[in-house]
Each structure stands twice: as structure tokens, then as C-alpha cells.
Amino acid sequence: MLPGCPWVIKPQPKPKTVEEQREAVVAHFEKRTPHEDFVELDLANDDHYEYAKHRLQEAVAAQGAAGAKGLVAQQTPPKDFSRALKTLDVARAKAVRGGPQPKPTEWNCDHFLHVEDSRTAGGKGAQQADNAQAQAQAPRPTLQIRPYATCAGGSTHVFTDVTAYESDLAGKKRTVLSTSANEEHNDGRTFDDTTVSVTPSMEANRKVIIESMMVAHNDKTGEEHVSFASLETSLVATPQTFTLVHPHFAGPGPRPDINLTTCQLRGGADCDYAMVANAAGTLAPFPAQSTGLALRKTGAPWTGDPTAYFPFKPGTAFDFTNIYIPLQGTFDAGASATADCTIQAMKNGATTTRLRLIKTESGGTCTTLADLSDAFPVGARTSTIQQLVNVSQNTTASGGAGCTMERIVNEPVVLSMTLYGLSTCGGPAIPRIVTFTSTALPANPFNLNVLNSCLAEGTRITMADGKLAPIETLRVGDKVRANAAGRVLTVQDFIFGREPKPLVRLRDDQGHDVRLTEKHPVLLSSGLVVAAEKVQVKDTVRTQTGTATITATERVPYDGKVYNLKLGTAEELESLSPNERTMFADGLLVGDDTMQRELEAPRRASATK
């Protein structure tokens with residue numbers, strides 16, 4: 001019989017094993033774009049799809065087994081992960097069908113892993129036994145592992161799983177240490193509820209491999225996200241650590257709101273960091289030309305601390321649309337029972353040392369494109385970095401649009417960092433990983449705020465006695481008129497800086513004429529608060545003499561100083577609504593700095609509304 005004859009039955013290809021499918025996914029992950037912690041699976045690829053389906057089916061089986069044994073808490077809604085399976089199949093059908101792709105949206109997701117060593121948790125610091133016998137008798141350390149999943153705009157549903165293996169350094173002889181999965185509905189801004197705790201061996205030439213899958217769906221956009229993330233680390237007698245020096249609060253400790261504040265164009269006394277000009281060691285905030293960022297000295301007026309000054313890199317200049325974070329700290333690679341670990345490199349292929357901001361309200365992240373690994377010296381046990389990081393240079397898959405000043409201003413964010421090193425500890429090179437978030441720091445945890453606000457220089461503010469004073473002449477303790485009935489509020493902070501963008505000029509039929517930054521809050525006669533840029537001709541506004549109608553709005557060029565006030569003592573604000581922290585600016589009723597922050601703050605993300 002000839003090979004081409006139709007009656008010849010061709011042998012069917014042997015089905016691939018789960019391990020072969022996993023190897024295909026891992027190979028895909030290893031070819032990812034640099035600076036990425038995850039790779040989206042190619043669901044038109046049978047291996048990728050079958051392996052993702054296998055992991056979901058394992059999660060379903062594990063949940064069922066736990067329920068049968070009574071291990072699932074009764075107050076927790078049962079999880080069957082059926083939505084994740086449906087999302088996977090929908091994404092698979094789209095991938096196989098191919099054809100024209102839908103118009104892209106700003107919805108995108110980030111997926112990364114955090115690992116915490118029990119020896120460095122809770123501020124205990126690295127611990128090392130004094131001798132070999134004590135090391136042998138000491139309890140083995142545990143690693144708590146948590147995948148993070150966050151999507152810009154939130155998710156209708158998000159699922160993550162995590163599996164931790166112990167293996168040889170080649171990664172071939174793997175043993176499963178633990179696995180877990182979890183899901184969340186109608187949020188997905190920051191999902192970190194999937195965790196495992198594992199106790200690897202302390203043997204030389206061993207490592208821990210961590211793998212995670214994420215499945216998310218957005219009802220609003222009809223999009224799916226299916227990704228795979230992985231990292232490796234190893235354990236030795238003294239753990240690896242990272243001591244964070246900057247950013248930190250100016251002053252002795254965290255404020256009650258735990259929001260550490262950096263102000264780039266303008267700000268007041270609550271700015272921990274600000275853009276400065278360095279004139280022979282004197283660091284003045286908010287100049288016409290900034291040379292770097294500095295921490296505030298304690299005391300008033302605001303002055304930068306020369307010992308905590310972060311200049312721009314040579315050849316770069318301040319871009320007011322970007323976000324800058326001061327980063328200083330020391331990576332310690334730890335030590336084995338017989339030798340210090342020596343850092344050979346602070347990166348390994350596509351896995352790099354880098355920093356990201358997790359957006360707590362709008363979802364998603366801002367992740368620096370710069371490879372921070374290059375800033376760490378190698379060749380010793382410890383390595384120190386001090387650098388001003390531009391976080392607006394971000395990777396598309398890890399944050400997409402929305403990492404400029406305009407998009408993130410006034411939104412509390414969590415600083416997250418991954419430090420990945422290769423070290424020798426008396427043997428071959430082994431991976432050494434440190435991860436942390438600012439809200440989980442053992443000392444002085446914080447959220448981070450980036451702020452802006454203001455009115456043009458020369459704007460006349462109505463004082464408590466009815467007299468007018470240019471806003472730049474006011475100081476803390478002055479009293480201003482807050483409404484037409486004569487209510488008075490006390491100035492609590494004086495905000496100043498610069499504005500390089502055109503201002504909004506508003507004029508009304510009573511002759512009032514005021515210039516404001518585009519986001520400054522204006523009170524309409526209805527009581528509604530709107531940004532100055534949204535006020536239109538024929539809108540009615542509140543003024544010192546009653547109600548007036550806007551007759552003209554325009555943008556006017558401006559590149560100069562601007563000011564704002566934070567108004568009201570605790571006693572004065574006790575009986576006021578949030579929209580009553582106001583003042584008359586050139587006769588027009590406008591909001592103060594607190595109102596502007598609330599007006600500009602991003603709203604809680606929702607993928608279902």
C-alpha cells in the first residue's frame with residue numbers, strides 16, 4: 001500500500017502529558033518581554049489552553065475535597081471557580097476564531113508574586129544561629145507566598161492560584177510543597193487573598209519555584225485576561241533582606257492617615273517630599289527649574305534636607321506630567337552556614353529588580369520601565385541604591401495608560417518592590433528574592449499620595465473682616481470668610497508652587513473675574529461642586545453678593561506661581577458638610593485644598609457599573 005492511499009490510517013499523535021504542557025507554558029514565560037512579571041497565555045495554543053484548564057480543574061477538585069472534609073468555613077461563600085472556567089473557554093474561543101481584534105480599551109491587568117520569609121517578618125530582622133548545632137536545632141523558616149492581581153478599572157471576576165515547588169537548581173526534580181486558589185467577584189482592583197505557607201528544606205543547591213495563574217473578566221468591556229507568573233528563590237541560614245531608607249515620613253513617625261505625601265508642582269506643610277532647586281546646598285521647593293526631589297526638614301517654612309536629596313539623572317530634566325519616587329535602600333544577600341553570600345548580579349534574564357505603584361482606588365499599577373538592577377553594585381554581600389525613579393515610564397502590560405500625574409494625582413497608592421539577585425553562598429549561584437509593599441512594612445507603613453492644587457498669584461481672598469487680601473500674603477492662623485452669611489474659617493495650611501499649564505479664567509455678569517487652575521473646585525448655585533475647567537457659559541455660580549451667571553470662560557497662558565489654602569479647625573468643621581470648606585476668590589465662591597483633593601481623587605473602580 002502506498003503512503004498516499006486514502007485507506008491508510010495515519011497514527012494519531014500521542015496526547016501530551018500535563019508536564020509537557022507545563023513546560024510549554026514555562027518556555028513561553030521565559031521568552032516574555034523584559035521587565036514583566038507575567039506573560040499572557042496564547043489560548044489558541046493547545047498546550048497553553050489545556051494546562052490552564054488543568055490548573056482550574058485542580059482548584060475545583062481541591063475545593064470540593066476541602067468542603068467534603070468540612071475544611072471550608074461556613075461563613076465563606078462556596079467557591080466552585082465555574083466563572084473562571086467560563087472565562088477561560090470564552091477567551092479560548094476568541095483566540096481560536098481569530099479575525100479582526102476589537103478596539104483596545106484602557107482595561108489591563110497586572111499579575112505578580114510576593115514572598116515573605118518568617119525570619120524577617122514583623123520587624124524581627126535577619127536571624128542567624130551562632131553555631132552549626134544551633135542551626136541544626138532551629139526550626140526551619142517558612143515562606144508565605146501571595147500572588148497579587150489588579151486590573152485598571154476593576155474586574156467583574158478574578159481568580160488566582162499558586163503552587164510552590166522545591167527542586168534542584170536545574171528545576172528538573174520538583175516536589176510540590178503546597179498549592180492554593182481563590183477568587184473574588186465584582187472588584188478585582190487589588191486581589192491578594194490567595195496564600196500558601198511552605199517550609200522548604202535548608203539543603204544546599206536547592207531552590208523554591210513559585211508559579212501562579214490569573215484569570216479575570218470585565219463585563220463592561222467584554223475582555224478577558226489569562227496570565228502565568230513565576231519566580232524562584234532559595235533559603236540559607238541568614239535570609240536576604242532589603243532595608244528601605246527612602247521614601248519615609250518627614251518627622252518621627254507615621255501620621256494617623258498613614259499617607260506619605262510627595263508634592264511635585266506645589267504643596268504645603270504636609271509634603272514629606274517636594275521638587276526643589278539646589279542653590280549651594282539650600283533646597284527651596286517648587287522653583288521655576290527643579291533639579292531634584294528632597295525630604296522636608298522638620299520645622300517651617302518648608303526647606304529640603306540636603307542629606308536626603310535625590311537629583312535627576314544627568315541628561316534628564318523634570319517633566320511635570322510624570323511621577324517621581326525617591327528610592328534608597330540596601331540589599332543584603334544573607335549567608336550560608338559557612339560563608340557570606342556574594343551578589344553576582346541583581347537580575348537574571350527577564351526577571352529584574354523594579355518598583356511599582358499599586359493603585360488602590362482605580363486599579364492597575366504603574367511600573368517603572370527602567371531596569372533598577374543596573375543601579376545596584378555587585379561583588380559583595382550588600383548592595384545599596386539611591387536613585388530618583390520615574391514611575392511614569394511604565395510597561396503597557398503592567399499598567400497601561402493612567403500612570404501620568406494627571407491620572408494618578410490624589411489617589412492613595414501602595415509602593416511595591418521586587419529585588420531579584422543571583423548570589424554565591426559557598427557554592428553555585430542561587431536565586432535570592434526580596435519582595436515587599438509599603439503598607440506591610442514592619443516599621444512606619446504607609447500609603448503614598450501625589451498632590452497638586454491652586455489659584456493664580458494676586459487672587460484676592462475675602463477676609464473675616466470683609467477686606468480683600470492677595471492670596472500669597474495669607475498665613476496659617478488668618479481667618480477668611482467662607483460664605484455669604486459671614487461664616488469664618490481659619491487657615492490651617494498655606495499651599496504654594498507653580499503651574500506651567502494655562503489657567504481657566506471665569507467672568508460673570510456681576511463683574512467678577514478670577515483665574516484658577518483647571519481642577520480647582522467652583523460652587524454652582526445648585527450646590528454642586530465642579531472643576532473650573534467644566535464651568536460653562538450660562539452656568540449660575542455662588543458669589544459674595546448672591547448668585548451670578550457666567551458670561552465668559554477661556555484658557556489663558558500662565559507659567560508662574562499659584563497658591564491655595566487648607567481651611568478650618570476641627571471645631572469649625574465639626575458642623576459643616578464636605579462642600580462647605582470654601583472661600584471667596586475675587587468674589588467667586590470656590591473650594592479649598594481639601595475640597596480639591598477630594599474632587600480630583602479617583603473614584604472606586606467598578607467593572608460592573
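Colleague: What sits over the ring of F112?

Modeller: The charged end of R356 does, 3.8 Å from the ring centre. "Over" here asks for NZ of Lys or CZ of Arg within 6 Å of the ring centre and within 35 degrees of the ring normal.

Colleague: What should I know about the model?

Modeller: It's predicted: local features need pLDDT of at least 70, side-chain atom pairs count only at pLDDT 80 or more, and totals for chains, interfaces and linings use all residues. Numbering starts from 1 along each chain as its sequence is written, and side-chain values use heavy atoms, with hydrogens and water left out.

Colleague: How are the rings of F112 and Y148 arranged?

Modeller: Their centres are 5.2 Å apart and the planes at 10 degrees, so they're stacked. Rings of Phe, Tyr and Trp (its six-membered ring) pair with centres within 6.5 Å; planes under 30 degrees apart are stacked, over 60 edge-to-face, the rest tilted.

Colleague: Are those two buried or exposed?

Modeller: Both F112 and Y148 are buried, meaning under 20% relative accessible area with a 1.4 Å probe, protein chains only (exposed is over 50%, partly exposed in between).

Colleague: How many aromatic pairs in the structure?

Modeller: There are 11. F249 and F446 make an edge-to-face one, 6.2 Å centre to centre with 85 degrees between the planes. Both F249 and F446 are buried.

Colleague: Which residues form the aromatic cluster?

Modeller: F286, F494, F496 and Y563 form one.

Colleague: New topic: what sits over F29?

Modeller: The charged end of R32, 3.8 Å from the centre of that ring.
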